[in-house]
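Let's take a walk through this structure together, one region at a time. Have the sequence and the 3D view open as you read.

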Amino acid sequence: MKSDPELDADAVAAEAEQQAEDASTRSRVARSILQHGPSTANDLARRLGLTPAAVRRHLTVLASTGQVTSREQRVYGHRGRGRPAKVFALTDAGRAEFFQAYDRLAIEAIDYLREVAGPSAVEQFAAQVADAVSTRFRSIAAEYDTPTEALVEALTAEGFVASLQPVASGVQLCQYHCPVAHVAAAFPQLCEAETRAFATLLDSHVQRLATIAHGDGVCTTHVPRPVSAAMHPTTSEKG
């Protein structure tokens, strides 16, 4: 029995349309992770208006192509019954899908700046970039209970998608997205200026532990717990 060419053509067109729709949805899933940081399937479903089952199907494809990776969700405090949810994060390959031409242009522009004005000009430019977060921080700091909470809000507003994770010695400031990651990979002065800005804003000896620009999944900065005044001996006690 011969097949109907028109029916075959319709089937091929329908398949192509479905593949294009799936690719578009996978791009939305990946972009949501890029913008909001590591997410569970339920988080993504809620943000994108999809079912968790549909999201998991797309995450499986993204994982098979090496664009996302997963880990168990960390739970602080009491954990309920059942297995922890999986959290999905973009890999370096996944982030590379969003590499834009303006990143290349920015790298070339800064490279030119270094050639004509010297390395100090790049450092001054990096400090100016960090000033955007500092300015926003100062405008909202009074609204928050702690400086670290204000910094999280300032960073998120500037596109860095930040959060705080408690650790025994203080907190870790995590940035799940870096809008300038490709540029910072070429010019680490950007990360260095940002770290100095954090230290100034928080009045703390912060320590940068990881950066997206250097291949880590999350930019992580350790903010030590403040040392109480009682732990500092007075002049009389020293004598």
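This is a predicted model: local features need pLDDT of at least 70, side-chain atom pairs count only at pLDDT 80 or more; totals for chains, interfaces and linings use all residues.

Now step back into the helix itself. Helix α7 spans residues 147–157, and its buried residues are Thr148, Ala150, Leu151, Val152, Ala154 and Leu155. What do these buried residues pack against? Their partners are the helices α6 (119–140) and α9 (189–202), along with the strands β3, β4 (170–175) and β6 (219–224).

The axes of α6 and α7 come within 9 Å and cross at roughly 130°. Angles over 145 degrees would count as roughly antiparallel and 65 to 115 as roughly perpendicular, so α6 and α7 are oblique to each other. Their crossing is right-handed. On the α6 side, the contact involves Val133, Arg136, Phe137 and Ile140, which meet Pro147, Ala150, Leu151, Glu153, Ala154, Leu155 and Ala157 of α7.

Helix α6 also packs on α9, with an angle of about 40° and axes 8 Å apart. That angle makes α6 oblique to α9, and here too the crossing is right-handed. From α6, the contact draws on Val122, Glu123, Ala126, Ala127, Val129, Ala130, Ser134, Phe137 and Arg138. From α9, it takes Gln189, Leu190, Ala193, Glu194, Ala197 and Leu201.

Finally, turn to the cysteines. A disulfide is a covalent bond between the sulfur atoms of two cysteines. How many disulfides does a search of the whole structure find? The count is 0. Cys174 is buried at a relative accessible area of 6%, but its sulfur is 9.5 Å from the closest cysteine sulfur, that of Cys219, which is too far for a bond. Cys219 is buried as well, at 4% relative accessibility. The closest cysteine sulfur to that of Cys219 belongs to Cys178, and because the two are 5.2 Å apart, they are too far for a bond.

Technical notes
Residues are numbered from 1 along each chain as its sequence is written. Side-chain values use heavy atoms; hydrogens and water are left out. A disulfide is a pair of cysteine sulfur atoms within 2.5 Å. Buried means under 20% relative accessible area, exposed over 50%, partly exposed in between (1.4 Å probe, protein chains only). Helices (H or I, at least four residues) and strands (E, at least two) are DSSP runs, numbered from the N terminus. Contact means heavy atoms within 4.5 Å. Axes are lines fitted to C-alpha atoms, for helices over the stretch in contact, and angles run from 0 to 180 degrees between N-to-C directions. Angles under 35 degrees count as roughly parallel, over 145 as roughly antiparallel, 65 to 115 as roughly perpendicular and the rest as oblique. A crossing is left-handed if the near helix is turned anticlockwise from the far one by less than a right angle, and right-handed if clockwise.
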